[in-house]
Amino acid sequence: MDDEGVDKLNLAFAALADPTRRDLVARLSLGDATVNELAAPYGVSLQAISKHLKVLEAAGLVSRRREAQRRPVHLEAETFGLMLDWIQRYQRQAERRFQRLEDVLATMSETEPPSPPGVPTPHRKELP
């Protein structure tokens with residue numbers, strides 16, 4: 001990932017650190033909406049919602065366009081794809097580590113018979 005991609009990723013995660021912005025994104029995932037429509041369920045001013053939208057817009061998560069008298073806000077899927085790729089890369093690494101651990105545990109259970117009930121497990125010799 002180049003520097004520009006890293007910057008976009010940093011801005012996107014920082015923007016989504018705020019619960020109100022995450023809620024706005026969730027509402028926009030259902031469809032485009034105006035600032036008035038987005039502000040309706042909150043007890044805050046239109047300016048406060050606009051400020052949140054500016055942060056989301058700067059992060060590339062939303063965009064606005066003009067349609068006659070309306071300026072609907074639109075969710076931008078491309079930036080979410082960048083975030084998803086980043087998360088999936090680390091998810092795959094974690095899954096590979098878990099698979100290696102499962103392989104080691106499976107090998108250990110094949111080579112060492114279980115202790116009979118009531119018999120304590122012998123201590124292993126520590127390696128030098």
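1. Arg65 has a relative accessible area of 34%, so this residue counts as partly exposed. Please keep in mind that the model is predicted. The side chain of Arg65 meets that of Asp32 in a salt bridge, at 2.9 Å from N to O. This pair links distant parts of the chain, 33 residues apart: Arg65 sits in the loop between strand 1 (62–64) and strand 2 (73–75), and Asp32 in the loop between helix 2 (19–28) and helix 3 (35–39). Asp32, at 33% relative accessibility, is partly exposed as well.

2. A network of salt bridges links Asp32, Glu37, Arg65, Glu67 and Arg70. The structure holds 6 salt bridges.

3. Another of these joins the side chains of Lys8 and Glu78, at 3.8 Å from N to O. Because Lys8 lies in helix 1 and Glu78 in helix 5, the pair ties together parts that are 70 residues apart in sequence. Lys8 is partly exposed at 29%, whereas Glu78 is exposed at 63%.

4. Thr79 belongs to helix 5 (residues 77–111). With 3% relative accessibility, Thr79 is buried. Beyond its neighbours within four places in sequence, Thr79 is in contact with Lys8, Ala12, Ala59, Gly60 and Leu61.

5. The side chains of Arg64 and Glu57 also form a salt bridge, at 3.5 Å from N to O. Glu57 is partly exposed, with a relative accessible area of 32%.

6. Asp2 is in the segment before helix 1 (3–15), and is partly exposed at 48% relative accessible area.

Terms used. Residues are numbered from 1 along each chain as its sequence is written. This is a predicted model: local features need pLDDT of at least 70, side-chain atom pairs count only at pLDDT 80 or more; totals for chains, interfaces and linings use all residues. Side-chain values use heavy atoms; hydrogens and water are left out. Helices (H or I, at least four residues) and strands (E, at least two) are DSSP runs, numbered from the N terminus. Buried means under 20% relative accessible area, exposed over 50%, partly exposed in between (1.4 Å probe, protein chains only). Contact means heavy atoms within 4.5 Å. A salt bridge is a side-chain nitrogen of Lys or Arg within 4 Å of a carboxyl oxygen of Asp or Glu.
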